[in-house]
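Try each one before you read its solution.

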Amino acid sequence: LPAAPPSGPVPPAAGLSAPGVPLDAGRDAGLLPDAHAPADAPPDAGPSWAIGFCRVQFPTAILASPGMATTVYGRVYAEGLTTRTGATAADALLLGEVGSGPDGSLPSSVGWTWARAAINAGYGPGAAGYEPNNDEYEASLSRPAAGSFDFAFRFSGDGGLSWTYCDTLDAGSSDGYQHANAGSLTVMRSSGPRRSVDTYAH
């Protein structure tokens, strides 16, 4: 006799996501070689959002004094999440950070420091350069001492197990991170007010 059909829900085939959970097969797109999850991470780390794209939105160059903070904006695309509404959608698994480090270095290297980004509540239809498929985050960036530094954004769709690094070009992470296209941060010895190269209108 033919076997009876299995009872209860049937798990998805290998490589497919469960309903409402995005595939994570592409989450490492644009990652640096050493930015993957640790080797001892469990085989099934649970649901995640695939970071399909991210970039440093504004500013791309900063002139500041030691310890003075500048707000940096980064945009991210994660299919099924950032496309939900016209505003930025919060999710515990999607993290954004802004960081800075030695000029000409990769953001996964020693010397880079990172600060957690928050949703930009002012982003949405009518915002400067609004992109309906992308969400926008903001974070404060500063360095304590004078010098020349690179800065970048990074996003994680799995709660910080892996990161996608973003430079300043329109293509962002789509063509991989390139330190030549990192943001430029110059911290002057002067105690004068900071300024950025352009003005970002909300």
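**Exercise 1.** Work out where D170 is found and whether it counts as buried or exposed.

*Solution.* Start with the elements: D170 is in the loop between β9 (164-166) and β10 (183-187), strands being DSSP runs of E with at least two residues, numbered from the N terminus. Next, accessibility: D170 counts as exposed because its relative accessibility is 66%, and exposed means over 50% (1.4 Å probe, protein chains only). Then look for its partners: leaving out residues up to four places away in sequence, D170 touches F53 and R55, with contact meaning heavy atoms within 4.5 Å. Finally, the C-alpha atoms of D170 and V56 are 8.8 Å apart, though 114 residues separate the two along the chain.

A quick note on ground rules: this is a predicted model, where local features need pLDDT of at least 70, side-chain atom pairs count only at pLDDT 80 or more, and totals for chains, interfaces and linings use all residues. Numbering runs from 1 along each chain as its sequence is written, and side-chain values use heavy atoms, with hydrogens and water left out.

**Exercise 2.** Find the strand that holds G52 and classify its accessibility.

*Solution.* G52 sits in strand β1 (residues 51-58). At 44% relative accessibility, G52 is partly exposed, the class between 20% and 50%. Its C-alpha atom lies 7.2 Å from that of E79, 27 residues away along the chain.

**Exercise 3.** Which backbone nitrogen lies 3.0 Å from a side-chain polar atom of D135?

*Solution.* First place D135: strand β7 (residues 135-141). Now the nitrogen: that of A89. A89 is also among the contacts of D135, including Y123 and G74.

Methods:
Helices (H or I, at least four residues) and strands (E, at least two) are DSSP runs, numbered from the N terminus. A polar contact is a pair of N or O atoms within 3.5 Å; within protein, one must be able to donate a hydrogen and the other to accept it, and residues adjacent in sequence count only if both atoms are side-chain atoms.
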